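Welcome, and please have a look at the model shown here.

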Amino acid sequence: KCGPKTAVKWLQEYGTLDNVIANAGNVSGKIGENLRAAAGFLPLSKQLATIKTDVDLPQEWHDLKPNPPDRETLLALFTELEFKSWIHEVSNGGDVIAAATDKPSDEAKTRPVASAAVVYETITDLAVLQQWITRLQQAAYFAFDTETDQLDYMQANIVGLSFACEVGQAAYVPVAHDYLGAPPQLARSEVLQAMRPLLESEKHKKVMQHGKYDMNVLARAGIELRGVAYDTMLESYVLDSIATRHNMDDLAKQYLDYTTVSFEALAGKGVNQLTFNQIDLEQAAFYAAEDADITLRLHETLWPLISAEPPLASVFDTIEMPLVPVLSRIERNGVLVDGKILHQHSIELGERLQALEQQAFELAGEEFNLGSPKQLGEILYQKLQLPALKKTPTGQPSTAEPVLAELALDYPLPKVIMEYRGLSKLKS
């Protein structure tokens with residue numbers, strides 16, 4: 001609890017840390033109490049902070065020359081630690097880049113790989129849909145997914161529905177692909193009405209990937225989704241929260257060694273990215289049906305691993321899954337905010353900020369912009385001559401939060417600035 005200014009003063013006065021400790025009884029006030037309380041561990045702190053230069057080493061520095069890279073060992077290590085992009089670098093004979101992120105390349109993500117023959121069906125006939133509904137009703141469980149025209153579930157409209165009850169067999173029901181030349185599709189209201197009893201049935205078990213999103217989307221369409229027994233995103237998290245990201249692309253790669261068709265491969269990227277209703281139906285149908293198929297495959301891979309560990313199964317069944325509909329309702333209901341109270345609080349914060357600003361001007365001896373790092377730096381380091389504890393990449397004395405926090409131990413203006421910044425963020 002001693003800043004650098006006081007520490008330097010003590011060292012100048014007593015010469016060494018040992019002498020400072022020996023004379024701790026001569027230091028008065030609260031700072032003297034703090035010094036005497038710390039005297040017991042200060043020698044250890046010094047020892048830990050001192051670089052040892054007398055260690056016997058088996059070689060000299062000029063003996064430390066790099067050997068040729070052992071790519072096989074490196075690849076095995078990176079595979080064990082799941083450094084995906086580094087595996088790619090080593091496998092292709094390149095050098096590992098320290099700044100590489102643990103993300104598969106776009107090329108790797110968008111290249112579909114089929115591990116078995118699949119049969120995906122596009123449903124545009126009500127009779128065929130009814131046949132599938134009967135099939136789903138008879139299944140022990142089935143995978144289900146929605147496709148929408150945006151990610152915001154409070155605004156999203158359903159573009160299509162997909163489902164699967166056997167691995168490798170799935171179907172997609174398009175209802176709102178509206179690009180120029182799009183083929184005829186069943187009406188959204190007609191499809192939802194036909195599927196309502198199945199979707200709202202508690203006894204017909206559904207498997208989903210991030211099912212809360214679909215639950216919210218369907219609620220907006222007037223359907224209360226029930227019977228969601230499994231969620232592969234949560235299964236992955238419960239099984240191993242850090243093994244991989246929990247989106248479908250990464251889960252398929254991790255647990256199925258399968259590369260899914262990515263959304264970017266269909267829709268593009270950036271400002272020109274298409275929404276799902278604008279994507280060619282043939283491509284969209286494969287993508288959507290694959291989502292349902294992969295969800296089913298993931299469940300049949302992950303669930304046996306979880307059920308083999310009763311504590312994990314208990315967490316999944318009694319905590320994670322029951323929480324999904326609760327969170328869904330909370331998200332759709334929102335939170336009540338008392339605007340009057342917030343407005344009053346904003347006024348109070350504004351008054352306190354004005355008082356702090358005046359206090360800062362008095363301490364600085366002039367007015368300046370408290371939000372300007374440049375002006376603050378000039379006041380602190382040029383006018384008031386405070387010690388520059390750290391510099392920015394451009395070589396200027398830093399006014400960052402950690403620096404001000406340390407200066408605030410010995411100087412009043414940095415303390416005022418810190419309080420001003422905190423309240424200013426709260427007010428905004």
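## Starting at a loop

Where is Glu200 found? Glu200 sits in the loop between α9 (188-199) and β5; helices (H or I, at least four residues) and strands (E, at least two) are DSSP runs, numbered from the N terminus. With a relative accessibility of 22%, Glu200 counts as partly exposed (buried is under 20% relative accessible area, exposed over 50%, partly exposed in between, with a 1.4 Å probe and protein chains only).

Leaving aside residues up to four places away in sequence, Glu200 touches Gly222, Ile223, Glu224 and Arg226, where contact means heavy atoms within 4.5 Å. Arg226 is 26 residues from Glu200 in sequence, yet the two are 4.9 Å apart in space, C-alpha to C-alpha.

Residues are numbered from 1 along each chain as its sequence is written, and side-chain values use heavy atoms, with hydrogens and water left out.

The protein chain has an average pLDDT of 89, and 94% of the residues score at least 70; pLDDT is the predictor's confidence in each residue, from 0 to 100. Over residues 96-115, pLDDT stays under 50, and the model has 37 contacts beyond four places in sequence for them. Where pLDDT is low, the predicted coordinates should not be read in detail.

## The sheet

Let us turn to the strands. An open sheet of 6 strands runs in the order β1-β4-β3-β2-β5-β6, with mixed pairing; two strands pair if DSSP finds at least two bridges between them. At its edges are β1 (119-122) and β6 (228-231), each pairing on one side only. Neighbouring strands of this sheet are turned by 25° against each other on average, direction ignored (axes are lines fitted to C-alpha atoms, for helices over the stretch in contact, and angles run from 0 to 180 degrees between N-to-C directions).

Strands β2 (residues 141-148) and β3 (residues 158-166) run antiparallel and are joined by 6 bridges. Phe144 has Phe163 in β3 as its bridge partner. Helix α11 (residues 232-239) packs on the sheet, where it touches β5 (205-208) and β6, and its direction makes about 55° with that of β6.

## Rings and charges

A search of the whole structure finds 13 aromatic pairs. Rings of Phe, Tyr and Trp (its six-membered ring) pair if their centres lie within 6.5 Å; planes under 30 degrees apart count as stacked, over 60 as edge-to-face and the rest as tilted. Phe83 and Trp86 form an edge-to-face pair, because their ring centres are 4.9 Å apart and their planes are at 65°. Phe83 is partly exposed, at 29% relative accessibility. Elsewhere, ring pairs link Tyr141, Tyr230, Trp303 and Phe316 into a cluster.

Two arginines also meet rings. The charged end of Arg135 sits over the ring of Trp132, 4.3 Å from its centre, and Arg297 lies over the face of Tyr258, at 5.8 Å from the ring centre. A charge sits over a ring if NZ of Lys or CZ of Arg is within 6 Å of the ring centre and within 35 degrees of the ring normal.

## Positive phi

Most residues other than glycine have a negative phi. Glu82, not a glycine, has a positive phi of about 65°; Glu82 lies in the loop between α5 (71-81) and α6 (84-91) and is partly exposed, with a relative accessible area of 25%. Gln385 has a positive phi near 60°. Gln385 is found in the loop between α17 (373-383) and α18 (401-407) and is exposed, at 58% relative accessible area.

Definitions and conventions. This is a predicted model: local features need pLDDT of at least 70, side-chain atom pairs count only at pLDDT 80 or more; totals for chains, interfaces and linings use all residues.
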